Amino acid sequence: MAKYEWFAEIEAMIGRQYGRIYAWDKVNEAMVRQWCEIMGVENPLYTDADYAATTEYGQLVAPPAMLQSWCLAGFGDKILAPGSTTENPYGVLEILEKNGYPAVVAVNSNLTFDRYITMGEKLYYTTVLDSISEEKTTALGTGFFVTLKMTYFSEKTNGEADEKVGDMMFRVIKFKPAHKPEQTAPAKEAPARKRPKPGISDDNRFFWEGFGEQELRIQHCISCDKLQHPPAPVCMHCHSFELDYQVASGKGELYSFVIMHYPHVAPFDSPNPIGLIELEEGVRIPAGLIEVEEGVAPKIGQKVQVEYHTFDGELTLPQFRLVPTKES
């Protein structure tokens, strides 16, 4: 370990188990359905009660990858569910920050699952500071790799011992950012950044080439007559290889959006609004939104219309313009 006097406090924390952090809600169908919808998970074991009843589980279960999400804090600063510990399992990070390591980057996270979680279970987890590395120098800077282990339990109310249902290993690096060397020569003017070109393959060539023809081409399965996006070598619905495309109307509505403010990435505008568009034809496509008034958030469900814009004289892309609502 690094030879710092203050480091003794951290060494004393290694192996310490912190108290419980509870889930706000019991495992429930509504949250499972919403999670599956957002993540694009279509396994009927999670959302179709009739189907789930015919399986070996006999009932609906929650997707294993949801394990961490059940016990997340509420919206805001450190809003934990009632009954949760008041201890701070991340105190080691505060100590490192106080001693000159202000930056943090998540390195990796591994989830393991002991079994499926069923509806109505109440979960909680405990945290152990598993380890902290010797001081390391990386491209980011000099700092320490901190490894925390969260163990998830299902709380029992019938006198039985609480049951372990999974683990999560979470590792971050807490570091001093590396200093850039001073410039000794005049900086050369950086060349103008161009928009990155898409990765084009035989499976999606029709999609990208369509923009040059002012067409929004959506992959179509000849066998089952369904549309899919993004393009793939096989139909996601029936697994047929018989695929062509249909030209979409370019009309739809805003299903979701994000407005990127930071970091500023050339050559994109800042703020940079990106929408997830649900086309009239029923598929969703991400694309840039244009002429979004700064400080005024778009409205979910607002109608949109595609336009085609050419960048750097060579790259034509679809962007969607919000159709003004009656209120506006």
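**Exercise 1.** Against which helix and strands do the buried residues of helix 6 pack?

*Solution.* The model is predicted: local features need pLDDT of at least 70, side-chain atom pairs count only at pLDDT 80 or more, and totals for chains, interfaces and linings use all residues. Residues are numbered from 1 along each chain as its sequence is written, and side-chain values use heavy atoms, with hydrogens and water left out.

Step 1. Locate the helix. Helices (H or I, at least four residues) and strands (E, at least two) are DSSP runs, numbered from the N terminus. Helix 6 covers residues 91-98.

Step 2. List its buried residues (buried: under 20% relative accessible area; exposed: over 50%; partly exposed: in between; 1.4 Å probe, protein chains only). They are Gly 91, Val 92, Leu 93, Ile 95 and Leu 96.

Step 3. Find the partners by contact (heavy atoms within 4.5 Å). These residues pack against helix 1 (7-11), strand 5 (123-132), strand 7 and strand 8 (163-177).

Step 4. Look past the end of the helix. Gly 100 follows helix 6 and has a positive phi, near 100°.

**Exercise 2.** Describe the surroundings of Thr 151.

*Solution.* Step 1. Thr 151 belongs to strand 7, which spans residues 141-154.

Step 2. Is Thr 151 buried or exposed? Thr 151 counts as buried because its relative accessible area is 14%.

Step 3. Leaving out residues up to four places away in sequence, Thr 151 touches Tyr 124, Tyr 125, Thr 126, Lys 164, Gly 166 and Asp 167.

Step 4. Check for a polar contact (a pair of N or O atoms within 3.5 Å; within protein, one must be able to donate a hydrogen and the other to accept it, and residues adjacent in sequence count only if both atoms are side-chain atoms). The side chains of Thr 151 and Asp 167 form one of 3.1 Å.

**Exercise 3.** Trace the pairing of strand 13 with strand 12 and with strand 14.

*Solution.* Step 1. Two strands pair if DSSP finds at least two bridges between them.

Step 2. Strand 12 (residues 251-260) and strand 13 (residues 272-279) are antiparallel, with eight bridges. Here Phe 257 stands opposite Gly 275.

Step 3. Strand 13 also pairs with strand 14 (residues 284-290), in the antiparallel sense and over five bridges. Ile 277 has Ile 285 as its bridge partner in strand 14.

Step 4. Examine the turn. Four residues lie between strand 13 and strand 14 in this hairpin, and Gly 282 in the turn has a positive phi of about 105°.
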